[in-house]
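Subject: A structure to look through

Dear colleague,

Please find below the structure I promised to hand over.

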Amino acid sequence: NMKPSAHSFKVVIDSLAKSEDDDENTMDKADALFARMKNLDKDYASEKNMKDVYTSMIIGWSNNNRNAAKADEILRDMVDQNMTPDVICFNKVIDAWTRSAVPHSGQKASDVFQLMEEGCGLVPDERIYTAVIKSLVP
């Protein structure tokens, strides 16, 4: 009974997430693999592999206006799993909300900014400030 390595999951998920395909089906496939990987034994994947996979998922859902809410959900799940996302993850989610047509997306971007500063103790960079300002300007 063989199972794929954590690294194999990471490579496939990263490839799907970086796809230029605008179709959400690509990320749905990545999401299914991500769920399978998360359901495996906690010792199966190193924290670094898991952090890399979470990052790939956030980037994938944020790119090409795919789904800001899904990227936000994965970011918050990452924090709930006691993994601190880096500034790039926060920037991707804030930028996704900025480009989103969802009502109150500016407030959602501000909420992510607040999580970054207060919840994770990270210092925003110029890109993050720019994205938050853009999200609040109609």
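Accessible areas here come from the Shrake-Rupley method with a 1.4 Å probe, and for residues only the protein chains shown count as cover. By that method the accessible surface of the chain comes to about 7,800 Å², of which 50% belongs to carbon and sulfur atoms.

Before going further, please keep in mind that this is a predicted model, in which local features need pLDDT of at least 70 and side-chain atom pairs count only at pLDDT 80 or more, while totals for chains, interfaces and linings use all residues. Residues are numbered from 1 along each chain as its sequence is written, and side-chain values use heavy atoms, with hydrogens and water left out.

The overall fold

The chain holds seven helices and zero strands, where helices (H or I, at least four residues) and strands (E, at least two) are DSSP runs numbered from the N terminus. Its pattern along the sequence is therefore written α-α-α-α-α-α-α. Along the principal axes, the C-alpha atoms fill a box of roughly 55 × 35 × 20 Å. The radius of gyration, which is taken over C-alpha atoms, can be set against a globule rule of 2.2 Å times the number of residues to the power 0.38. For 138 residues a compact globule would have a value near 14 Å, and the chain agrees with this at 15 Å.

Of the 138 residues, 42% count as buried, a term that means under 20% relative accessible area, with exposed meaning over 50% and partly exposed lying in between (1.4 Å probe, protein chains only). A contact means heavy atoms within 4.5 Å, and among the contacts with a separation of 6 or more, 64% are between residues 24 or more positions apart.

I74 has its place in helix α4 (residues 68-80), and because its relative accessible area is 3%, I74 is buried. Which residues does I74 touch, not counting those up to four places away in sequence? They are D31, F34, Y54, M57, I58 and W61. For one of these, Y54, which lies 20 residues from I74 along the chain, the two C-alpha atoms are separated by 6.9 Å.

R66 is placed in the loop between α3 (47-62) and α4, and it counts as buried because its relative accessibility is 5%. Its polar contacts use this definition: a pair of N or O atoms within 3.5 Å, where within protein one must be able to donate a hydrogen and the other to accept it, and where residues adjacent in sequence count only if both atoms are side-chain atoms. The side chain of R66 reaches the backbone oxygen of G60 at 2.8 Å and the backbone oxygen of A17 at 3.4 Å.

S135 is found in helix α7 (residues 126-136) and is buried, since its relative accessible area is 12%. Leaving out residues up to four places away in sequence, S135 touches T98, G106 and A109. The C-alpha atoms of S135 and T98 are separated by 4.4 Å, although the two residues are 37 residues apart along the chain. The side chain of S135 also reaches the backbone oxygen of V132, at 2.7 Å.

T26, finally, has its place in helix α2 (residues 24-39) and counts as buried at 9% relative accessibility. Apart from its neighbours within four places in sequence, T26 is in contact with L16, S19 and D21.
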